[in-house]
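Welcome, and take a moment to look over the model below.

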Amino acid sequence: MYRLTNKEISDLIHTAFSIRKLSYSPYSKFAVGSALLCDDGEIYGGCNIENSSYPVGICAERTAISKAISSGKHNFKAITIVGGFVDNSNLDYCPPCGMCRQFLSEFCDKDFVIILAKSLNEYKLIGFDEILPFPFN
């Protein structure tokens, strides 16, 4: 796993919580925010965006990666994910869904770090290979 500084971790968690407030989740009422750290230190945030036709929506992780890729970035170190009900009644660790795990595998190497956060001080660091040991690639 990449070694992240305390400042990088703090900045990622703060960004993910901030952008989570922008989530468009009128159907599930489950808001997710993510923050992607590029190898040059730049951070791209993403939130989930739902649609009445459920498969048309996009998860926060894929939003952040899409923003980074479309800005010319291709090398990433870590992503933070925060999620729970819009009213903040159930903030818990929110791991990426299967589709996002496969999407991440396209752009992340074996040292990529996933940070799951419940709060600014309560979080877990997980190696990407732990959540998707056998990616399809």
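In what follows, a residue is called buried under 20% relative accessible area, exposed over 50%, and partly exposed in between, using a 1.4 Å probe and protein chains only. This is a predicted model, in which local features need pLDDT of at least 70 and side-chain atom pairs count only at pLDDT 80 or more, while totals for chains, interfaces and linings use all residues. Residues are numbered from 1 along each chain as its sequence is written, and side-chain values use heavy atoms, with hydrogens and water left out.

Let us begin with the cysteines. How many disulfides does a search of the whole structure find? With a disulfide taken as a pair of cysteine sulfur atoms within 2.5 Å, the search gives 0. Cys59, for instance, is in no disulfide, and the nearest cysteine sulfur, in Cys100, is 3.7 Å away. At a relative accessible area of 22%, Cys59 is partly exposed. Cys108 is buried, at 10%. The closest cysteine sulfur to that of Cys108 belongs to Cys38, and the 10 Å between them is too far for a bond.

To find pockets, a 1 Å grid is laid over the protein atoms alone: a pocket is an open set of points where a 1.4 Å probe fits, with protein on both sides within 12 Å along at least five of seven lines, and lining residues have an atom within 4 Å of a point. Grid points are joined across faces, edges and corners, and the volume is the space filled by probe spheres set on the points. The largest pocket comes to about 340 Å³. It is lined by 20 residues, and the closest to its centre are Asn48, Gly57, Ile58, Cys59 and Arg62. Two elements, β1 (30-38) and α2, each give two or more residues to this lining. Here helices (H or I, at least four residues) and strands (E, at least two) are DSSP runs, numbered from the N terminus. The largest share of the lining, 3 residues, comes from α2.

Next, find Ile49, in the loop between β2 (43-47) and α2 (60-69). Ile49 is partly exposed, with 38% relative accessibility. Together with Tyr24, Tyr27 and Tyr54, Ile49 makes a nonpolar surface patch of about 440 Å². Such patches are made of residues with over 30% relative accessible area and no salt bridge, where nonpolar side chains (Val, Leu, Ile, Met, Phe, Trp, Tyr) are joined within 5 Å and like charges within 9 Å. The areas come from the Shrake-Rupley method with a 1.4 Å probe, and for residues only the protein chains shown count as cover.

We finish with the salt bridges. A salt bridge is a side-chain nitrogen of Lys or Arg within 4 Å of a carboxyl oxygen of Asp or Glu, and by this rule there are 7. One of them joins Glu8 and Lys77, at 3.5 Å from N to O. This pair links distant parts of the chain, with Glu8 in helix α1 (residues 6-20) and Lys77 in strand β3 (residues 76-85), 69 residues apart. Both Glu8 and Lys77 are buried.

Lys73 has a salt bridge to Asp40, with the closest N and O atoms 2.3 Å apart. Lys73 is buried at 18%, whereas Asp40 is partly exposed at 46%. Lys73 also meets Glu42 in a salt bridge, at 3.2 Å from N to O. Through shared partners, Asp40, Glu42 and Lys73 are joined into one network.
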